[in-house]
Amino acid sequence: MDFRKRIITAFALLTLFTIIAFGLQVYIEGETMAVTGEATPLPLAQSVITLAGADFLYGPQDWRPYAVPLSLNTLPGTPEGHEWYFCFVLLNDTPYGGNPALFRRQAVSVNYTFENLAGTAAFYPYGTTTLPVTSRTSRQDGYGSSGYTVTGTAPAGDAAPKAAPLERSNLVRVRLANTKGLGPDEIAAGTIDLWFPSEGGGQDALHLTTDLDKRKGEIVTGAPASGQFYVTHTGGSRLNLVCLLIAVDRPQPDTFCLRLETQPAEAAW
Amino acid sequence: MVTRSYFTLYETAVLSLCGALVFLSKAFITLSLHLPGHSYLFVAIPFVVGCGIVKKAGAGTYMGLIGGLLASFFGFEALHLLDVFKYLAMGLTIDIVGVTFSHRFDHPAVGFIAGAAGSVVKMVVNYAVHFLLGVPATFILIGIGLTSVTHLIFGGIGGVIAALIIARLMRAGVIGDDRT
């Protein structure tokens, strides 16, 4: 075979590989849709989320998901040795802080109201990119660290009956708490996958702040039972979805209620 | 009786330097493109240049071994020791391309084929290692079509750049041309 024919054959093989890869992608997406009803979760049609004590599906444990487990007891005011119950709620929008020529920059505003909160509640952001499908979360110590805690005075409730510890892995499938009351088309099977391939990566893109000028976030402790904070993003990759991990350090009473209202916020930067 | 090694001392030195450049270009040169496989634009260059200078089967595999071991020992990537396999696979693929095209790495089309094929094979091996480590196949394969295209394009561009470098070095007489 002469040189030119070999080159044409090689290009043909590379093209064939790409076509097969696309075929595989379409097939896998079809299979995923067949199982879950949708390939990926879509933004919620509604922005108001109401949670009760029984919605804390995970715990008791003292860590949250990452490439290596991150302690839930590192924020100031969070007592050492405590174990937490937590849940994940999907937000109805995603923040973006990357190249303004590609997408509109924005943050996500979260208004919250706790009723009859027992002990301390903490918020942590999680997000997932599209290509590659890897996750992001906030840093909780050092430069760019952020966190938000609220302390309540209500008496603790009985043990959370639905809660179970999360699998200790850098790839976890977690069930969302805010599928209740929503139609089946709105969230695919009510789960999302969080994957952190390597330690050190994916930990400095999402932040919590009460001031949009502090886009790298801040640590707020002892916040009032009702207030507002923002989820900001300083990474380059656009996020496919963003959820909040809401943790409480003891079982909540039957009268506990958390109301979240989220909406996009114009970013000043 | 004196036995001659497969690679001469000069070739071993060149390939070791190129293998180290593979690791350095992967670890320290970054672009804010946020596209999968974009780093192989730089990684493909030392691979193809090394194979173009030495022109022996096994040169790419040797560079892959050096680059993979350095990446493993420095721990810059997620899979640590298992990262050796993807660098080895990329080097082996470029070797196969070299043998197929009589080591004509000064030709831009051959450079593109070597860089692109090496990059996509590295991607496949990376996915295979993740799969064997227990990551669900559906999770890995969602997006494989787009990822293949970006790996192919960026690896190919790196290969073309390397081919232009080799052609220029040949014209300058730095690298010998076997065809003359």
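In the predicted model, A:Pro60 lies in strand 2 of chain A, which covers residues 58–61. The peptide bond that leads from A:Gly59 into A:Pro60 is cis, and its omega is near 0°. Most peptide bonds are trans, and most residues other than glycine have a negative phi.

Chain A has 269 residues, of which 39% count as buried. Of the contacts in chain A between residues at least 6 apart in sequence, 80% join residues at least 24 apart.

The average pLDDT of chain A is 82, and 86% of its residues score at least 70. In residues 35–45 of chain A, however, the pLDDT is below 50, although the model places 25 contacts between this stretch and residues beyond its near neighbours in sequence. A further stretch of chain A, residues 181–189, also stays under 50 in pLDDT, and 17 contacts beyond four places in sequence are modelled for it. Where pLDDT is low, the predicted coordinates should not be read in detail.

Chain B is built from 7 helices and has 0 strands. Along the sequence its pattern is α-α-α-α-α-α-α. Among the 180 residues of chain B, 50% count as buried. Contacts between residues 24 or more positions apart make up 78% of those in chain B with a separation of 6 or more. The average pLDDT of chain B is 87, with 94% of the residues at 70 or above.

Two helix pairs of chain B were examined. Two packed helices are described by the angle between their axes and the distance between the axes. Helix 1 (residues 9–28) and helix 2 (residues 40–54) of chain B pack at about 170°, and their axes are 8 Å apart. The angle is over 145°, so helix 1 and helix 2 of chain B count as roughly antiparallel. Helix 1 of chain B contributes B:Glu11, B:Val14, B:Leu15, B:Cys18, B:Leu21, B:Val22, B:Ser25 and B:Lys26 to this contact. From helix 2 of chain B come B:Phe42, B:Val43, B:Ile45, B:Pro46, B:Phe47, B:Val49, B:Gly50, B:Ile53 and B:Val54. By class, the residues of the contact between helix 1 and helix 2 of chain B are 13 nonpolar, 2 polar and 2 charged.

For helix 4 (residues 83–100) and helix 5 (residues 108–132) of chain B, the packing angle is about 150° and the axes lie 8 Å apart. The crossing of helix 4 and helix 5 of chain B is right-handed. On the side of helix 4 of chain B, the contact is made by B:Phe85, B:Lys86, B:Ala89, B:Met90, B:Thr93, B:Ile94, B:Val97 and B:Gly98. On the side of helix 5 of chain B, it is made by B:Ile113, B:Ala114, B:Ala117, B:Gly118, B:Val121, B:Lys122, B:Val125, B:Asn126 and B:Val129. The contact of helix 4 with helix 5 of chain B has 11 nonpolar, 4 polar and 2 charged residues.

Loops of chain B include residues with positive phi. B:Lys55, which is not a glycine, has a phi of about 55°. B:Lys55 is placed in the loop between helix 2 and helix 3 (59–74) of chain B. Because 17 other C-beta atoms lie within 10 Å of B:Lys55, this residue is classed as partly exposed. B:His103, likewise not a glycine, has a positive phi near 55°, and is found in the loop between helix 4 and helix 5 of chain B. B:His103 counts as buried because it has 21 C-beta neighbours inside 10 Å, the threshold for burial being 20 or more.

B:Met170 is located in helix 7 (residues 144–171) of chain B. With 18 other C-beta atoms within 10 Å, B:Met170 is partly exposed. B:Met170 and B:Gly52 are 118 residues apart along the chain, and their C-alpha atoms are separated by 10.0 Å.

For the complex as a whole, the predictor gives an ipTM of 0.87 and a pTM of 0.63. The contact between the chains involves 23 residues of chain A and 25 residues of chain B. On the side of chain A, the largest share comes from helix 1 (residues 3–36), which supplies 14 residues. The residues of chain A that touch chain B comprise 13 nonpolar, 6 polar and 4 charged.

Definitions and conventions: Residues are numbered from 1 along each chain as its sequence is written. Chains are lettered from A and ligands numbered from 1 in the order in which they are written. This is a predicted model: local features need pLDDT of at least 70, side-chain atom pairs count only at pLDDT 80 or more; totals for chains, interfaces and linings use all residues. pLDDT is the predictor's confidence in each residue, from 0 to 100. Two residues are in contact if their C-beta atoms, placed from the backbone, lie within 7 Å. Axes are lines fitted to C-alpha atoms, for helices over the stretch in contact, and angles run from 0 to 180 degrees between N-to-C directions. Helices (H or I, at least four residues) and strands (E, at least two) are DSSP runs, numbered from the N terminus. Angles under 35 degrees count as roughly parallel, over 145 as roughly antiparallel, 65 to 115 as roughly perpendicular and the rest as oblique. Ala, Val, Leu, Ile, Met, Phe, Trp, Tyr, Cys and Pro count as nonpolar, Asp, Glu, Lys and Arg as charged, and the others, Gly among them, as polar. A crossing is left-handed if the near helix is turned anticlockwise from the far one by less than a right angle, and right-handed if clockwise. A residue is buried if 20 or more other C-beta atoms lie within 10 Å of its own, exposed if 12 or fewer, and partly exposed in between; C-beta atoms are placed from the backbone.
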